[in-house]
Amino acid sequence: MRKNLNVIAAYSIMMGLIILVGIFQSWNIALSIFNLCLISAVMTMGANIQWGYAGLINFGIMGYTALGGLAAVLISVNPIQEAWSAGGLNILFSLFLIIGMVLAVRYVLKKYEKSKIRTYIIATIIILGIIIIRFVSEPGIEAIEEVDPAKTGFLGGLGLPIIFSWIVGAFFAGGLAFVIGKVALGLRADYLAIATLLISEIVIAIIKHEDWLTRGVKNVIGLKRPAPYEVNLQQTDWFINLVEKFNSSKLNLISDFAERQAALNQFVIEGSSVFVKLCYSGLFLIVVIILLILTQKALYSPWGRMMRAIRDNEEAANAMGKNVVKQHLLIFVLGSAIVGIAGAMLVTQDGLFTPGSYRPMRYTFLIWVMVIVGGSGNNFGAILGGFAVWFLWIEAAPIGLYLVNLTTAGLDDTHVLKVHLIESVPYFRFLMMGIGLLLIMRYRPKGILPEKIEIK
Amino acid sequence: MDFVNAIILLLNYIFVPALAYGSQLALGAIFVTLIYGILRFANFATGDMMSFGTMFTILFTWYFQSVGISLGVLPTALLAIPFAIIFMIGYMLLIDKFVFKYYRVNKSPPVQLAMVSIGVMFVTQAVVRIIIGPSDRRFFDGEKFIIKAVEFKEMTGLNEGLAIKSTQVLTIIVTLILVSTLFWFLNKTKTGKSMRAYSDNEDLALLSGIDPKKIVMITWVIAGILATIGGALYGLDKSFKPFTYFNNMLPIFAAAIVGGIGNPFGAFLGGYVIAFSEILLTYAYRKFFMYVLPESMEPGGLVQLLSTDYKFAVSFSILVIVLLYRPSGIFKGKVL
């Protein structure tokens, strides 16, 4: 109990802050911060597994998040029959061609010794394959994108409940990580960072511009929800009764019936959106707790000890007969899969998929700030980092505004400097993140909750 | 069949733009490579440092414009660049003193320095946005074209026009001057040689009496010059927007690594490799083939290898291929 005191203290402060937002701003804002904190926590757990457990640097988090989001679209949207009949065959055929191409490359790789000729053969196969696939898929893609482009113009998905996409998103991201890991894991740490960053940009470029699959920058809106809709809630009796019970003390103060009804309506509208957010919080909390239990178990298992050994001294671990390459690949896939879950959760919560919104600042570097600030190698630290940094990211604007008002209190309201500063309040969050990261790196390089290794 | 028109077409749409874009990338790539070779970390704040320098150039340009100083046909920004460089160098040295020095003295692993540079990236980005705002800004003045497409057509009587913007020529000339001075400095002067020695083998360099503090300072000074000029030229040619500069970091990294990180000459050529492949692979060759091939063989489609949306993806794919097959880059890296 005593040795966990700092963990408990840190988490209570965090919860206290969120509750304060609930009291002073509104419960709606507090809950939406809380939900995104939970999603960030899942992402940081994924990054923490790679960086904290194994020392692998992965700047491609944005790509896996986007793939998770893509999974949400492909699982939940109803299939669009017209599009399938217009160009589905071509797409399926191209898919077979891609598989055939991959198999051919694999065959060449297995069959022949490494030589210049083999490289040329592989290059020829890939180039020819791409040209053939373009010819096959082009008419199909055009046909699909012409089907009601204002509303659909893509193949749609499977029409299943969106919850399934959380698992599928993990598989998508894990699959991509497997491919990337196979090619790039041998690189030195900083090269790996750059390579993963650039590969994630390629993934985003594909998601943005392959309209037949994702609608691209036209966005997919109105995804299914695992939670009830506010509009429906506002008309169900049990919910209205519940809200009435909750606010009975306030409502009883109002004597006039019409006024009381109006106040109740107001409470119901507010309550419905809080209730929906609470549903999401519950779902996300379940995911976070399951992942936390699993990652904690893994951390203290023989496998976790092996990973730390590999991280701290690769050569020694290799000499002890541990397969470093295989374990690196495994942990790369596992961590990315967790990030994929988070990506699907994010799209589920928003109810829309906007490929244009995936930017490295928000989805890669901010997550890294969370991991470093929270404490790499410690799951509780990583989750705390997710909470604290996201909280600051959102609340930076009000804090910044307050600071600006404080420092320029002597100036006139129309003073150029003051107006300019108030306009640029949204960018104070970057400043706070940067300074926070630099301070933590300098004075507490292991993060707020550092890694504890228990030697028994 | 009209080869002259076809060649002019390629010159106009591929060669000239790629040469200018490549020069801008090359300056950034040399900046990355210098930091990597001497201070030994991947600087993720590259793009934002360039936007920081450009911001000062713009501020000085505005000041000069407001007091009525101009260079006639040349853009006023040229006059502003030296002042911006002074501020930029001050900023760089300040960052080094308060941020990077601690990790260098403690001999932290390069990954940690890269993380620290992300912190610097956040701060720089915030400062730029707070001072000048996130919107698109053009600060070009003076004569826009050296040759206009219409004039060229009249002059030569060809179907295709060749337009050369003054910013493109300016970019190429300034880059050539700057890069050749830099290579002269690195290869011929004593300080330059000691920088190369320090990059090649730190311990040996220290033993032979090279002052590391001086080397580091000069590196930041050169980096400041390169970042400001590179950024300002890009901003003159296109426009200044903090977010674009942040994104430009990626092709710049690609150029530095393709050329062999730590090797300035490689980085210089790497910039052009990236620029040319981006433009060559995403250009629609339909018109070119219409000129070159007989009428019966005219192509139906656009004859475009990749859609322009994948412009960035091209350079990244090249980088990934290079990393896989020649991790040290096309021109062996790690020798300054």
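**Figure 1. Where domain 1 meets domain 2 in chain A of the predicted model.** Seven residues of domain 1 of chain A are in contact with 11 residues of domain 2 of chain A. The domain 1 side of this meeting comprises three nonpolar, two polar and two charged residues. Domain 1 of chain A is built from two segments, 2–79 and 156–443. Domain 2 of chain A covers 80–155. Their C-alpha centres are 34 Å apart.

**Figure 2. Chain A as a whole.** Chain A has 19 helices and zero strands. Its C-alpha trace spans about 85 × 60 × 50 Å along the principal axes. Of the 456 residues in chain A, 40% are buried. Among contacts in chain A with a separation of 6 or more, 82% link residues 24 or more positions apart.

**Figure 3. The side of chain B that touches chain A.** Here 35 residues of chain B are in contact with 31 residues of chain A. Four helices of chain B, namely H3 (77–105), H4 (110–132), H10 and H13 (311–325), each supply at least two residues of this side. H4(B) gives the most, with 14 residues. By class, the chain B side holds 28 nonpolar, five polar and two charged residues.

**Figure 4. Helix H7 of chain A against helix H4 of chain B.** H7(A) is made up of residues 189–209. The axes of H7(A) and H4(B) come within 8 Å. They cross at roughly 40 degrees. The two helices are therefore oblique to each other. From H7(A), the contact uses A:Ala189, A:Asp190 and A:Ala193. From H4(B), it uses B:Pro110, B:Val111 and B:Ala114. Five residues of this contact are nonpolar, none is polar and one is charged.

**Figure 5. Helices H10 and H11 of chain B.** H10(B) runs over residues 242–258, and H11(B) over residues 264–282. Their axes come within 7 Å and cross at roughly 125 degrees. H10(B) is therefore oblique to H11(B). The crossing is right-handed. H10(B) brings B:Pro251, B:Ala254, B:Ala255, B:Ala256 and B:Val258 to the contact. H11(B) answers with B:Ala267, B:Gly270, B:Gly271, B:Val273 and B:Ile274. By class, eight residues of the contact are nonpolar, two are polar and none is charged. H10 of chain B is also among the helices that supply at least two residues of the side touching chain A.

Figure 6. The cut-off for a buried residue is 20 or more. Setting aside neighbours within four places in sequence, B:Phe152 is in contact with B:Ile147, B:Gly161 and B:Leu162. B:Ile164 is 12 residues from B:Phe152 along the chain. The C-alpha atoms of B:Phe152 and B:Ile164 are separated by 9.8 Å.

Key. Residues are numbered from 1 along each chain as its sequence is written. Chains are lettered from A and ligands numbered from 1 in the order in which they are written. This is a predicted model: local features need pLDDT of at least 70, side-chain atom pairs count only at pLDDT 80 or more; totals for chains, interfaces and linings use all residues. Axes are lines fitted to C-alpha atoms, for helices over the stretch in contact, and angles run from 0 to 180 degrees between N-to-C directions. Angles under 35 degrees count as roughly parallel, over 145 as roughly antiparallel, 65 to 115 as roughly perpendicular and the rest as oblique. A crossing is left-handed if the near helix is turned anticlockwise from the far one by less than a right angle, and right-handed if clockwise. Two residues are in contact if their C-beta atoms, placed from the backbone, lie within 7 Å. Ala, Val, Leu, Ile, Met, Phe, Trp, Tyr, Cys and Pro count as nonpolar, Asp, Glu, Lys and Arg as charged, and the others, Gly among them, as polar. Domain bounds come from an automatic or database domain assignment. A residue is buried if 20 or more other C-beta atoms lie within 10 Å of its own, exposed if 12 or fewer, and partly exposed in between; C-beta atoms are placed from the backbone.
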